[in-house]
Amino acid sequence: MENMMCNPGRLVLSNVEQRAGLNSPKISVPKGGLKHLNILAQRRSRQVLVQCAHQSASQTRERNTPSKIVATRRDLLVSGATLSFVSSNKLQAEAASVSDEEAVREAIDAAFKQTLPPQKAPSVLRLVFHDAGTYDEASKTGGLNASVRFEFDRPENFGLKRGFGPITKAHDLLKNSVAKDISFSDLIACGGAYAVRMTGGPSITVPLGRLDADKADPEGRLPAETLSPSELKAHFAKGGFSAQDLVVLSGAHTVGGKGFGEPLSFDNTYFKTLLERPWNAGGSKMDVEMAQMIGLPSDKALPDDEECYSWIELYAHDQDRFFKDFESAYLKLADTGATYA
Ligand code: HEM
């Protein structure tokens, strides 16, 4: 039998076959014949395709290591002819939809490059919290649905319209592009992720397909900055967020003007500052006043809570861990109450 590993086109078939649990590096038709192989291949390559959608184009291509085979998006697209041999046009359609999604993401990034300058990154990131933060688990209403665009006159959203500017401008720019159908809520979720990345934070790929609300969500659902740590924990818990999520997401305050290091640098200075508690320092009246302007009451309160303190300590010493946990919590936030097409 022909050795499939030598033929790049057929290599994908071999990958699919291996991912389908058929360990031979050569094609072996499983029990049930080609039809069965098609089903396995389709099922497995759908997983490959989904994984590929989340891989950056620069990720390593490993071709000749049967024990650790990674088929890249390009492998799958380039070898459409071979795929159709194993399965059907459906696979090609799926491959095309992956390339479509990649094109949509590239168009969104290109739009934000034009509409989202670094100075607006903090407001755009805050917008995500204020849109998603209206979610109510009991009534399953609110959440990340772009209803925030009808809520700018609320006191908690004061100044937030500034963060919506780059979103509407990107929406307009994308009107005649491959991303013409993108929703405002997808752009809010992607805008926040773009803001994090552009200020030096982790690169976060949010799922797409959110539907927009056509009216405002109910009022009074965002936490007041005067809440105690236990009230904040209880508030976040109602939306399915742990104390850890509360701490790691509050780390977003590292950007913006609350005195946690460089205003446009997404790093772990927030946690380092919380450990130092500069607002308790003595000195001249002016020093004391200046130090007290650092952080919101909710930020200053977090280190007083034992559970929160242990997360603060961890993130103050391990920025990579902060980035990793922020990514997970951000994905959760960007999914809060979202409905998908
Ligand atoms: C824990 C509950 C939270 C409270 C009470 C709170 C409250 C606030 C307030 C009052 C401000 C305005 C500060 C000022 O400039 O005077 C602010 C800023 C900000 N918040 Fe929060 N926030 C919370 C959680 C979050 C979360 C979860 C995120 C995002 C993941 C976030 C992102 C931001 C950002 C980026 C800013 C800076 C905005 C700018 O400078 O334009 N906040 N927050």
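Biologist: Which helix gives the largest share of the shell around the ligand?

Modeller: This is a predicted model, in which local features need pLDDT of at least 70 and side-chain atom pairs count only at pLDDT 80 or more, while totals for chains, interfaces and linings use all residues. Residues are numbered from 1 along each chain as its sequence is written. The largest share of the shell, 5 residues, comes from H6.

Biologist: Between which domains does the ligand lie?

Modeller: The shell holds 18 residues, with Pro122, Phe129, Leu249, Ala252 and Gly256 the closest. Domain bounds come from an automatic or database assignment. Both of these domains give residues to the shell, so the ligand lies between domain 2 (100–198) and domain 3 (229–335).

Biologist: At what angle do H10 and H15 pack?

Modeller: The axes, lines fitted to C-alpha atoms over the stretch in contact, are compared by their N-to-C directions from 0 to 180 degrees. H10 (residues 243–250) and H15 (residues 319–335) have axes 9 Å apart. The two are therefore roughly perpendicular, a class that covers 65 to 115 degrees, and their packing angle is about 105°.

Biologist: Is Gly192 buried or exposed?

Modeller: Gly192 has its place in helix H8 (residues 184–198). A residue with 20 or more other C-beta atoms within 10 Å of its own is buried, and one with 12 or fewer is exposed. Because Gly192 has 28 such atoms within 10 Å, Gly192 is buried.

Note on methods:
Helix = DSSP H or I, 4+ residues; strand = E, 2+ residues; numbered from the N terminus. Parallel < 35°, antiparallel > 145°, perpendicular 65-115°, else oblique. Near = placed C-beta within 6 Å.
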